[in-house]
Amino acid sequence: MKKHLTAIIFALAIVIAAAILGNAVINRNKKSGTVDVTGLGQKNFTSDLVVWEGNFSRENMDIKTAYADLEKDRKAVTDYLVSKGIPKEQIIFKAVYTNPMYQQNYSSSGNYMGQTFLGYELNQSIQIESREVEKVEQISREITELLLQGVKFYSQAPRYYYTELESLKIEMISRATEDARIRAEKIAENSGSRLGKLISANMGIFQITGQNSNEDYSWGGTFNTSSKEKTASITMRLSYSVK
């Protein structure tokens, strides 16, 4: 009786093991899992806003005289810019910076012998923000004409911006998402599967670089202001189920 019971238990164990193995083979052949893809959205665009700054200065032993000379220079700068087509309300003059100048004196042996007062330097900065990008560009190059009037004017390089940046970001996200979806569909098709539902989506950092430049992307995002012609890009990482 004991031998018959042992044989029955052994046979039952074989049947259960065969069932488990068969189920494992079936599950192995099922087309399930996920596919992760990264899509890129990219677009070239032209800046539509320019910010340009410069500054002019005067020096004199007497601070009142220096300030009076600076006032004359400010009028000359204003008249020049208005003659070039810049509206007066767009010309922003910043506060006057006053810097007392000293010469440090040393003996022939290198000992400090005090300082000599040389006078005052007064400096004033100017800023123009305009949508007339090409006009302001040209003025920033020609402003040195003021030197002929005795104005010590120093021009900085213009900075370029884009006022429709939020709309551009939305467009780039849409392009990157579509690019990623197409990649996922191709991968699923090549593996004999079908693309399922979107499981997750992660957006990369928005990057703006100068067109045809060698600028590197940064983890915090690159925002180029030195180039009028720019390239915007963003990545989207999507995860899909596959059937």
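Author: In helix 4, L165, L168, M172, A176, A180, A184 and A188 are buried. Buried means under 20% relative accessible area, exposed over 50%, and partly exposed in between (1.4 Å probe, protein chains only). This is a predicted model, in which local features need pLDDT of at least 70, side-chain atom pairs count only at pLDDT 80 or more, and totals for chains, interfaces and linings use all residues. Residues are numbered from 1 along each chain as its sequence is written, and side-chain values use heavy atoms, with hydrogens and water left out.

Reader: What covers the buried residues of helix 4?

Author: Look for contacts, meaning heavy atoms within 4.5 Å. For helix 4, the cover includes strand 1 (33–46), strand 8 (195–203), strand 9 (207–210) and strand 10 (229–242). Helices (H or I, at least four residues) and strands (E, at least two) are DSSP runs, numbered from the N terminus.

Reader: Which residues are buried in helix 2?

Author: They are A66, D69, L70, D73, A76, V77, T78, Y80 and L81. Their cover includes helix 3 (133–142) and strand 5 (112–130).

Reader: What follows each helix?

Author: Helix 2 is followed by G85, with a positive phi near 100°; after helix 4 comes G192, whose phi is positive, near 75°.
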